[in-house]
Amino acid sequence: MRKGSIRIRGLSKRYRIGVFDDRPETLLGAASDLVMRPLRNLKRLRSLTRFGDGDSGDSTIWALKDISLDIHPGEVVGVIGHNGAGKTTLLKILSQITHPTRGRVELDGRVSSLLEVGTGFHPELTGRENVYLNGVILGMRKREVDRKFDAIVDFSGIRKFIDTPVKRYSSGMRVRLAFSVSAHLEPEILLIDEVLSVGDAQFQRKCLGKMDEARHSGRTILFVSHQMAMVTALCDRVILLDRGQVQMDGTSEEAVFRYLGASSSTGTTWVTLGAEDHGDDGSGRLSLRRWAVEDAQLGLGTEVRCGHRCAFHVEYEAPESSEGLEQLSIAMTIKDLLGTPLLTASTHLVGADFQTAPRRGIVKLELEQLPLIPGTYRVHLWTSVQGVAAAIARDAGQLEVLPGDPLGTGRLPRAAAHGVFLLSNYSWSISESLDTELPQSAGSS
Amino acid sequence: MIDAGSRLKLLDTRELWRFRDLFYHLVWKDVKTRYAQSVLGIGWAVFQPVFTMLVFTVVFGNLAKIDSDGVPYSIFSYSALVPWTYFSAALTGATASLIASSAMVSKVYFPRLVIPLAPVLARLIDFAVALAILFGLMAWYGIAPTVWAAALPFLVLLMMTCAAGLGLWLTPLAAQYRDVKYAMSFVIQMLMYAAPVVYPTSAVPESYRLFYAVNPMVGVIEGFRSALLGTIPMPLDLIAVGSVSALVILLTGLVYFRRTELYFADVV
């Protein structure tokens, strides 16, 4: 086997789940229960680690069931699935934290897992001491920590507090320091479970950069996440787990679409706006009910593919007393997670207000292509009736933009580098001298 | 290589060696954080045995008038309290260690053996401080150590083996059955009366003595007294019996620990 490869054969893991105790109802029952309880407790506690053949199905659960996989050196594999699908259990077995009930795994190379950052941090020790302690817990040698110490502290950005006991740190500082230690591991196989969602936006960007670096250095990475945009951006191959079994093993696009398809058939596809955010301004003239975005391939939901044709639907309602609406104006602004507005579509700004509108209805906004690069965004909705602001939903929910390749070039914009991505309405040309002749646009002539 | 059906080696020395830095750091953390934010600090290592000695001297020495093999009762009991305090602290620390580091155990892999063994080693610091006080007391009473003092390292090793062996048994049990935690202080107190801390071994009937010595701390404590105070000739028979039983406890404890450690993350 080559360094960095993983071979899994018939892997299964059974857990015991709690079974309710029946409570005694009589005084006599309670008295005999008092005597019998220690015996029952002993049986129950013993059963945590012992499984008999006669164990019924309802007291145990197969967190993983007969998984077989081959992962090659240098592959970046995403593991997705609903809660309880077995993702974390798989990572825990691979990192030797827990032992499988059946099956075997062959791992070649040093394995490091980032199941949770900051494990083993001791509040009484200083940041410096914790870096060492955490480093050796994660499997580094002391010499290795010595060598990387400055890089770790610089990455965390808290050099000033490095000799302060960790108990005086803010939780954010603690997480940053902990992640910095983890990020400087150099294993052949790296297992990551949902740890990239820590810290502020700037620190998250740093983490993603580090992740990208690890990817390019030819490391084998197994990455568990619920953030589909991140999975598709980072992974070449994605394994979809469902109730402990491999439901799909394929390219990230295929698996993510399958997963999202599965989730949209079970969950709600519209984002319903609650009383506090449907933005009734008190005038009671209008309220926003719900919204969704439509993608030809993904259907109705909160996910769209970058650069693809899509449509936003916004449902509104006016009180029953009114018969219809006059001069309805609506705007949608998409903001990044920091709240910076990125783009706006507005009936008002382009002079296309609806002169009349039904009492309740769904406004549809069609976009030839969505120029946002993959990532998570927030939607802001604004309305006015007869020129007076009505319902405003400042934070109407999240929009996930997934990678897409609308032009079929095979070249995808990257989150860190490209900002808003222009697809059409522009042309490139080249000449020897400056060419300042710009065709007059229709509006200015 | 992880195999559901595989039998583990009793001791994976290569892996332990690979994680030696971790072991060192855990011991160091234990030492460093034990008395963090306390006024007396390491003074607690002196306080505890010395005060126990004072109480014992009043109660057992002056009131109950228990025989002390010809030396002042205070130094008689203190010489036993030095190894005994170590033993009880190391055992309590080891037993609680797995539960205390449950977050680590369920998140990261490393040889689990280092967890209970770290306090066994770390408590040696307190032991050394208490031992220094014992030497001070000996000087005060004008008692010179015998040539057997050269055997002290062996007695210390025996004492550590005993604490480690019992620790290996109790650590997994404590993780699965929290009763162990509640029983601990009580059991250690009981055990103290099963060792010659407040009374001399000469008070135990001759025919029961070898059976009595199955508790390895009997040999350790009498060995300490014999080597440092010269109360009785070196009780080699007691020490031999104790050594065998300490080794048996250590080996069986190791087997038990290695068998249960696979499921620590599931039960802790």
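Select B:Lys32 and A:Glu129 first: in this predicted model, their side chains meet in a salt bridge, with 2.7 Å from N to O. Colour the two helices that hold these residues. B:Lys32 belongs to helix α2 of chain B and A:Glu129 to helix α3 (residues 127–137) of chain A, so the pair joins two chains. A search of the whole structure finds 31 salt bridges over all chains. Across the interface of chain B and chain A, the rule finds 3 salt bridges.

**The interface**

Next, show the residues of both chains that take part in the contact. Chain A contributes 42 residues and chain B contributes 33 residues. The size of an interface is often given as the accessible area lost when the parts come together. Here, chain B and chain A bury about 3,500 Å² between them. Of this buried area, 62% lies on carbon and sulfur atoms. The interface also holds 6 residue pairs in polar contact, counted where both residues have a pLDDT of 80 or more.

Now keep chain B in view and select the elements on its side of the contact. At least two residues each come from β1 (2–3), α2 (20–34), α5 (102–105) and α13 (264–267) of chain B. Which of the elements gives the most to the side of chain B that touches chain A? It is α2(B), with 9 residues. Colouring the side of chain B that touches chain A by residue type shows 19 nonpolar, 5 polar and 9 charged residues.

**A sheet across two chains**

Turn next to the strands. Select β2(A), β1(A), β4(A) and β1(B), in that order: these 4 strands form an open sheet with antiparallel pairing. Which strands are at the edges of the sheet? They are β2 (60–71) of chain A and β1 of chain B, each of which pairs on one side only.

Within chain A, select strand β1 (residues 6–16) and then β4(A). The two strands pair in the antiparallel sense over 5 bridges.

Select A:Arg104 to see one of the pairings: its bridge partner in β1(B) is B:Asp3.

**Confidence of the model**

Finally, colour the model by pLDDT. Chain B averages a pLDDT of 90, and 98% of its residues score at least 70. Within chain B, confidence is highest in helix α11 (residues 216–229), at a mean of 95, and lowest in β1(B), at 74.

For chain A, the average pLDDT is 80, and 84% of the residues score at least 70. Select helix α4 (residues 142–156) of chain A, where confidence is highest in that chain, at a mean of 92. Then select helix α9 (residues 415–418) of chain A, where confidence is lowest, at 64. For the model as a whole, the scores are ipTM 0.77 and pTM 0.70.

Notes:
Residues numbered from 1 in each chain as written. Chains lettered and ligands numbered in written order. Heavy atoms only, no water. Contact = heavy atoms within 4.5 Å. Buried area = accessible area lost by both parts, 1.4 Å probe. Salt bridge = Lys/Arg side-chain N within 4 Å of Asp/Glu carboxyl O. Polar contact = N/O pair within 3.5 Å; in protein donor to acceptor, adjacent residues only side chain to side chain. Nonpolar A, V, L, I, M, F, W, Y, C, P; charged D, E, K, R; others polar. Pairing = 2+ DSSP bridges. pLDDT = per-residue confidence, 0-100.
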